[in-house]
Amino acid sequence: LSASIEKQFLAAFCAMAQSDWASAQTQFERIAEWQDIAADFRSVARMGLARCLLRRGDRAGSVGQYAAVFEDPDAPPQFRETALRLCVPDDPSTIRAVASKRVYQRVLSLPSLSVQQRAATRLCLAECCLREGKPDEATQQYQQVLGNSGLEPRLAWEIRLKTAHGYLRSK
């Protein structure tokens, strides 16, 4: 690890310790952009960046960074697994799919998902399917969500509308 990168890591972690999320974000962004840095250090930088983004209210940006760590084949396996778990959406009523279809498919295989998390993940997966022009696959995800009990009535109606919209797009 070069002295320059080590210094940036130190500055980033010190900024985090002082809750200076903007400064920490800047440092982590610089580190993550370096091309000649080892994958494990790039993963640490991206996860630090994700934490800063989340603390600054940018959940989508945060999930995007965690997804990048998960999808990096050179990232250490324990970092990839942790990053995947941090991609789990938790509120089906505020779905915005920012990760790839592959990430959400893998999230669904996690055994410890709550009913809400599983529903939110399926809705993100459906959104990915729609972006790929696969409304039939999206409809399958919507149907699985509707099959779960405990959905708020408003959310169930939204999903029914999305299902109808997907059906029309497939025609």
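User: How many helices and how many strands does the secondary structure of the chain come to?

Analyst: This is a predicted model, in which local features need pLDDT of at least 70, side-chain atom pairs count only at pLDDT 80 or more, and totals for chains, interfaces and linings use all residues. Residues are numbered from 1 along each chain as its sequence is written, and side-chain values use heavy atoms, with hydrogens and water left out. Helices (H or I, at least four residues) and strands (E, at least two) are DSSP runs, numbered from the N terminus. The chain's secondary structure comes to nine helices and zero strands.

User: What share of the residues in the chain is buried?

Analyst: A residue is buried under 20% relative accessible area, exposed over 50% and partly exposed in between, with a 1.4 Å probe and protein chains only. Of the 171 residues in the chain, the buried share is 43%.

User: Is threonine 139 buried or exposed?

Analyst: Threonine 139 belongs to helix α8, residues 135–146. Contact means heavy atoms within 4.5 Å; leaving aside neighbours within four places in sequence, threonine 139 is in contact with Thr163, Gly166 and Tyr167. Because its relative accessibility is 18%, threonine 139 counts as buried.

User: Why do phenylalanine 9 and phenylalanine 28 count as an edge-to-face pair?

Analyst: Rings of Phe, Tyr and Trp (its six-membered ring) pair if their centres lie within 6.5 Å; planes under 30 degrees apart count as stacked, over 60 as edge-to-face and the rest as tilted. Phenylalanine 9, with a relative accessible area of 7%, is buried. The centres of the rings of phenylalanine 9 and phenylalanine 28 are 6.5 Å apart and their planes stand at 65 degrees, so the pair is edge-to-face. This pair links distant parts of the chain, from helix α1 to helix α2 (residues 21–33).

User: Which residues do ring pairs link into a cluster?

Analyst: The structure holds four aromatic pairs. One of them, between phenylalanine 9 and phenylalanine 13, is stacked, at 5.9 Å centre to centre and 10 degrees between the planes. These two residues both lie in helix α1 (residues 3–17), four residues apart. The cluster linked by ring pairs is Phe9, Phe13, Phe28 and Phe41.

User: What is the volume of the largest pocket?

Analyst: On a 1 Å grid over the protein atoms alone, a pocket is an open set of points where a 1.4 Å probe fits, with protein on both sides within 12 Å along at least five of seven lines; lining residues have an atom within 4 Å of a point. Grid points are joined across faces, edges and corners, and a volume is the space filled by probe spheres set on the points. For the largest pocket, the volume is about 180 Å³.

User: Which helix gives the largest share of the lining of the largest pocket?

Analyst: Among the 13 lining residues, those closest to the centre of the pocket include Arg59, Val63 and Pro89. The largest share of the lining is three residues, and they come from helix α4 (residues 59–71).
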